[in-house]
Amino acid sequence: MTLTPTTKYCKICFKEIKIDDICSILDKDLCICNKCQNELEPIFIHFNIDEYKATAIYHYTPFVKNLIYTYKGCFDYELKDVFINLFFKEMKIRYKGYAIIPVPSYIKDDERRGFNHVIEAFKCLGLEILPIMEKTAHHKQADLGYEGRKEITKYLKIDSSVSLIDKRVLIVDDIYTTGATMRAAINLVSKLNPKEIRVLVLAKTNVADYKKS
């Protein structure tokens with residue numbers, strides 16, 4: 001039997017994906033070329049946020065920063081697939097049994113964008129998604145220094161009628177900077193008494209850069 005692969009194009013650089021090994025032939029979901037795979041450099045940084053285990057898939061390199069900006073800020077919906085494309089099957093196994101709680105955007109930002117960028121990026125994991133947190137005002141973290149980012153606690157709220165008892169939850173976000181947003185999210189989620197809380201983000205910055213600003 002001869003396999004005749006369909007031509008695929010990279011969703012980042014739009015160049016043809018070279019089908020040069022058995023994995024690329026059989027992986028019908030592949031959407032990134034080898035060059036862009038190397039530029040992304042997934043390294044899986046494991047760290048703690050107080051007593052909670054967290055993982056970041058990438059360092060916030062200029063390439064990753066530009067990619068997230070194009071996806072989130074320029075509304076390039078097709079880029080939702082590129083961040084976890086290479087290893088989503090393994091991650092589905094790693095987080096089997098967890099429910100995803102996305103850190104929210106301000107609703108009007110989602111409406112303008114036409115989608116919630118965090119939910120769409122992690123939807124490929126096939127986990128239950130619980131959008132139970134809300135951001136009540138526009139609070140653009142990128143424009144704020146280290147101290148200003150701590151004010152995020154004023155703008156997040158959670159649906160307290162939801163019970164998370166006996167649930168293992170995975171709080172997800174796109175970028176981890178000072179940790180202020182994630183700590184606020186963890187604090188809200190913990191009040192609903194989940195069995196376990198873990199954190200997964202696409203990229204982690206160097207917090208020292210923000211303490212200087």
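This note comments on strand pairing and aromatic contacts in a predicted model.

1. With β1 (residues 45-49), the pairing is antiparallel and extends over 5 bridges. With β8 (residues 196-204), β2 runs parallel, and 5 bridges join the two strands.

2. Thr55 of β2 takes part in both pairings: Thr55 is the bridge partner of His46, and Leu200 in β8 is the bridge partner of Thr55.

3. The model holds 6 aromatic pairs. In one of them, the ring centres of Tyr95 and Tyr98 are 5.9 Å apart and the planes stand at 80°; an angle over 60 degrees counts as edge-to-face, so this pair is assigned to that class. Both Tyr95 and Tyr98 are buried.

4. Tyr98 also has a charged group over its ring: the charged end of Arg168 sits there, 4.5 Å from the ring centre. Tyr98 is thus to be viewed with Tyr95, its edge-to-face partner, and with Arg168.

5. A further contact of this kind involves Lys204, which lies over the face of Phe47 at 5.1 Å from the ring centre.

6. Elsewhere among the aromatic residues, one cluster is formed by Tyr71, Tyr77, Phe83 and Phe115.

Terms used:
Residues are numbered from 1 along each chain as its sequence is written. This is a predicted model: local features need pLDDT of at least 70, side-chain atom pairs count only at pLDDT 80 or more; totals for chains, interfaces and linings use all residues. Side-chain values use heavy atoms; hydrogens and water are left out. Rings of Phe, Tyr and Trp (its six-membered ring) pair if their centres lie within 6.5 Å; planes under 30 degrees apart count as stacked, over 60 as edge-to-face and the rest as tilted. Buried means under 20% relative accessible area, exposed over 50%, partly exposed in between (1.4 Å probe, protein chains only). A charge sits over a ring if NZ of Lys or CZ of Arg is within 6 Å of the ring centre and within 35 degrees of the ring normal. Two strands pair if DSSP finds at least two bridges between them. Helices (H or I, at least four residues) and strands (E, at least two) are DSSP runs, numbered from the N terminus.
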